[in-house]
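User: Hi, I'm new to this one and would like to go through its side-chain contacts with you. Could you put it up first?

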Amino acid sequence: MRDKLVSYDDIRKSHPIFRGKFGDKLIKWGTRFAGLQYANDIYDNSKHLTGPAFCKDALDKLEITRTIRNGEILDQFKDVPFITVSNHPYGHIDGISLIETVGSRVNNFKVMVNFILGIIDTMEENFVTVVPYKTKKPTATSINGIKECIAHIRDGHPLGFFPAGSTSRINFIKGRWVFTDREWQTSILKLIQKANVPVIPIHFSGRNSVYYYLLRRFFGWKIKTMQLCHELANKKDHEIVITIGDPIPALEIDKYQDTKDLELFLRTKTYALANTK
């Protein structure tokens, strides 16, 4: 395991400015500004564990309560492939909670995650890492990630997606502000169409701070991403309700040949779980 989740050496390698005369001072200021020390502390306290056990330990030490509804649904999928789709309100603890919830109940569960969460090597056994942001050309990491996902399903193992590929956003819809995913990625929807396995929608309650969403809206994703560690710090004593929906058979998925229609269908199923008791 790493000595630190994000070390000074890691930051120095990221840009020449951190290797200059004032590099260490900039790193020290930057780690404080981004809250990286808080993430490092979480990692240090739980890095003796891996996989779902690490997730449970880290979330317990963060004092985050996970209330799981309909967890028994997963009992029938212990040895068969399936896909989960989830909303993405947090950008970190939802991914960690998904691995704990599903990975502790079934074998070989992996989740497609972005490269930021992907640096947590204590969970790498449950990760398929991609770059979620739009680029002129698909990155090698993302291409390999898609190939790994396809192979994982074909080998008979379960796979989890946050199809938005980025945290939820604040939008003004029908006269009120709502927190919801951006459009789900076409590449993920196509993969779901081709997989020919059941799909299980999973909904995560809650959201990040309004400040976090406003950063994204007015300053872009890079500034917003720097706030993510602080969004860990403010989740102490927070409760997440994780609701698992009824499995959707592959034959039902086959009815939606257009990815937009499939997105509407799966998003509706996922967000409807917010009202499930």
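Predicted model: local features only at pLDDT ≥ 70, side-chain atom pairs only at ≥ 80, totals over all residues.

User: OK, how many disulfides does the structure hold?

Analyst: The structure holds zero disulfides, a disulfide being a pair of cysteine sulfur atoms within 2.5 Å.

User: And C55, is that buried or exposed?

Analyst: C55 is buried, as its relative accessible area is 0%; here buried means under 20% relative accessible area, exposed means over 50%, and partly exposed lies in between, using a 1.4 Å probe and protein chains only. C149 also counts as buried, at 0% relative accessibility.

User: Switching topic, how many salt bridges are there?

Analyst: The structure holds 11 salt bridges, where a salt bridge is a side-chain nitrogen of Lys or Arg within 4 Å of a carboxyl oxygen of Asp or Glu. In general, side chains of opposite charge can pair when their charged atoms come close.

User: Which residue does K56 pair with?

Analyst: K56 forms a salt bridge with D60, and their closest N and O atoms are 2.8 Å apart. The two residues sit four apart in helix α4 (residues 51–61), so about one helical turn separates them; helices are DSSP runs of H or I with at least four residues, numbered from the N terminus. D60 is partly exposed at 38% relative accessibility, and K56 is partly exposed too, with a relative accessible area of 44%.

User: What about K61, which residue does that bridge to?

Analyst: K61 forms a salt bridge with D57, with the closest N and O atoms 2.9 Å apart, and both residues lie in helix α4, four residues apart, or about one turn of the helix. K61 counts as partly exposed at 45% relative accessibility, whereas D57 is buried, with a relative accessible area of 17%.

User: Back to D60, which residues are in its network?

Analyst: A network of salt bridges links K56, D60, R66 and E100. Within it, D60 forms a salt bridge with R66, the closest N and O atoms being 2.9 Å apart, and R66 counts as buried at 18% relative accessibility.

Notes: Residues numbered from 1 in each chain as written. Heavy atoms only, no water.
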